[in-house]
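Please keep the model open and follow along.

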Amino acid sequence: MKVAIIGASGIVGQHMRLCVPDCVEPVWIRRTPDPITEGRDLMGAPEDHDFDCVVNLAGISDVDMVERWKGVAYRQNVMIPEILAGLCSKGRCKFIQVSTQAVYQSPGNTMAQVNEYGRQKRRAEEITLANNGIVVRLTFVLGIRPLPHVGRKNPLEAMLEGQSPQVADRWFSPLFAWDAAELLWDAVLMAKPGEIRLLGEPIRTNRYEIARMVNPDVKPCSHDDFPGLAPRPFDTTYRNSSHLRSINQI
């Protein structure tokens with residue numbers, strides 16, 4: 001089974017490289033070459049190769065950057081998934097769009113996004129599902145990059161370095177990068193067209209509680225203590241699912 005992983009230099013992509021199923025021939029793709037990817041044009045990838053599945057991890061996930069640079073982010077977060085989903089649908093190739101819990105508003109996990117990032121990711125979901133693709137929503141991913149000089153620093157890495165204070169009034173479910181990687185491979189092998197999978201432990205936590213586990217001196221603060229930050233959902237905890245299950249919904 002030949003699988004393209006687009007945007008493979010982030011922490012989830014790096015961990016996917018460590019647990020590739022025996023039946024999979026992976027192709028790691030990023031526009032800029034680095035130690036684990038090939039510098040190929042994203043738009044040419046599905047057409048140039050006979051892929052059985054394309055996993056799209058690419059996009060701009062810095063919520064504040066997306067809020068400031070909506071147009072630039074839209075091209076990455078919506079237009080690229082739209083092109084990939086269309087190409088995969090035309091070629092009868094499985095397409096997996098990796099999304100986020102930011103598509104939810106709180107309380108109650110209702111679909112009413114509070115920031116531009118959430119709106120863009122939700123739009124990409126709609127396009128994916130309209131093309132018989134698969135959506136996998138990740139929650140707050142925690143982990144250490146196997147290649148620490150590639151990709152963005154993970155919040156857990158900053159916490160281990162002593163970053164303080166940490167926000168204590170925005171809630172979510174956590175997900176470890178290794179689990180995310182293994183469960184994405186499971187989606188590659190087992191998920192069906194039109195399926196939505198929610199990956200995340202069904203426990204309620206926040207950045208401060210996580211940071212306190214690795215740094216007892218960390219101080220709590222409020223999201224509102226940082227003027228200029230994009231709004232964050234108050235509570236996107238996955239109360240009715242776990243990273244070992246999936247829920248179909250639309």
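**Notes on the fold**

1. Start with the whole protein. Of its 250 residues, 52% are buried. Keep in mind that this is a predicted model. The protein has eight helices and eleven strands. Now take the contacts between residues at least 6 apart in sequence: 75% of them join residues at least 24 apart.

2. Next, look at strand E5, residues 94-100. Is E5 mostly covered or mostly open? It is mostly covered, with six of its seven residues buried. E5 has strand partners to follow up. Strand E4, residues 53-56, is joined to E5 by four bridges, and the two run parallel. Find Asn56 in the model: Gln97 of E5 stands opposite it.

3. Now move to strand E6, residues 134-138. E6 pairs with E5 over five bridges, again in the parallel sense. Val98 has Val136 of E6 as its bridge partner. Thr100 stands opposite Leu138 of E6.

4. Stay with E6 and check its cover. Five of its five residues are buried. Which way do they point? Ile134, Val136 and Leu138 point one way from the strand. Val135 and Arg137 point the other way. Arg137 is a charged residue by class, yet it is buried along with the others.

5. E6 also pairs with another strand. Which strand do four bridges join to E6? It is E10, residues 196-199, and the two strands run parallel.

6. Turn to the helices. Two packed helices are described by the angle between their axes and the distance between the axes. Helix H4 covers residues 70-90 and helix H5 covers residues 116-130. They pack at an angle of about 15°, and their axes are 9 Å apart. That angle makes H4 roughly parallel to H5, since angles under 35 degrees count as roughly parallel. Their crossing is right-handed.

7. Which residues make the contact of H4 with H5? From H4 come Lys70, Ala73, Tyr74, Asn77, Val78, Pro81, Glu82 and Ala85. From H5 come Glu116, Tyr117, Gln120, Arg123, Ala124, Ile127 and Thr128. Sorted by class, the contact has eight nonpolar, three polar and four charged residues.

8. Arg92 is found in the loop between H4 and E5. Its phi is positive, about 55°, although Arg92 is not a glycine. Is Arg92 buried or exposed? Arg92 counts as exposed because its relative accessibility is 81%, and the cut-off for exposed is over 50%. Asn132 is found in the loop between H5 and E6. Asn132 also has a positive phi, here about 60°, and is not a glycine. With a relative accessible area of 54%, Asn132 is exposed.

9. Compare that with Phe51. Where is Phe51? Its place is in the loop between helix H2 (45-48) and E4. Phe51 is buried, because its relative accessible area is 6% and buried means under 20%. Phe51 and Gly91 are 40 residues apart in sequence. In space, C-alpha to C-alpha, they are 9.0 Å apart.

10. Arg145 is another loop residue to check. It is found in the loop between strand E7 (140-142) and helix H6 (155-160). At 10% relative accessibility, Arg145 counts as buried. What does Arg145 touch, leaving out residues up to four places away in sequence? The list is Ile11, Gln14, Val150, Gly151, Arg152, Lys153, Asn154 and Glu157. Take Gln14 from that list. Gln14 and Arg145 are 131 residues apart in sequence, but 6.8 Å apart in space, C-alpha to C-alpha.

11. Last, a peptide bond. Which form does the bond from Ser164 to Pro165 take, cis or trans? The bond is cis, with omega near 0°. Pro165 has its place in the loop between H6 and strand E8 (166-167).

How values were computed:
Residues are numbered from 1 along each chain as its sequence is written. This is a predicted model: local features need pLDDT of at least 70, side-chain atom pairs count only at pLDDT 80 or more; totals for chains, interfaces and linings use all residues. Side-chain values use heavy atoms; hydrogens and water are left out. Axes are lines fitted to C-alpha atoms, for helices over the stretch in contact, and angles run from 0 to 180 degrees between N-to-C directions. Angles under 35 degrees count as roughly parallel, over 145 as roughly antiparallel, 65 to 115 as roughly perpendicular and the rest as oblique. A crossing is left-handed if the near helix is turned anticlockwise from the far one by less than a right angle, and right-handed if clockwise. Contact means heavy atoms within 4.5 Å. Buried means under 20% relative accessible area, exposed over 50%, partly exposed in between (1.4 Å probe, protein chains only). Two strands pair if DSSP finds at least two bridges between them.
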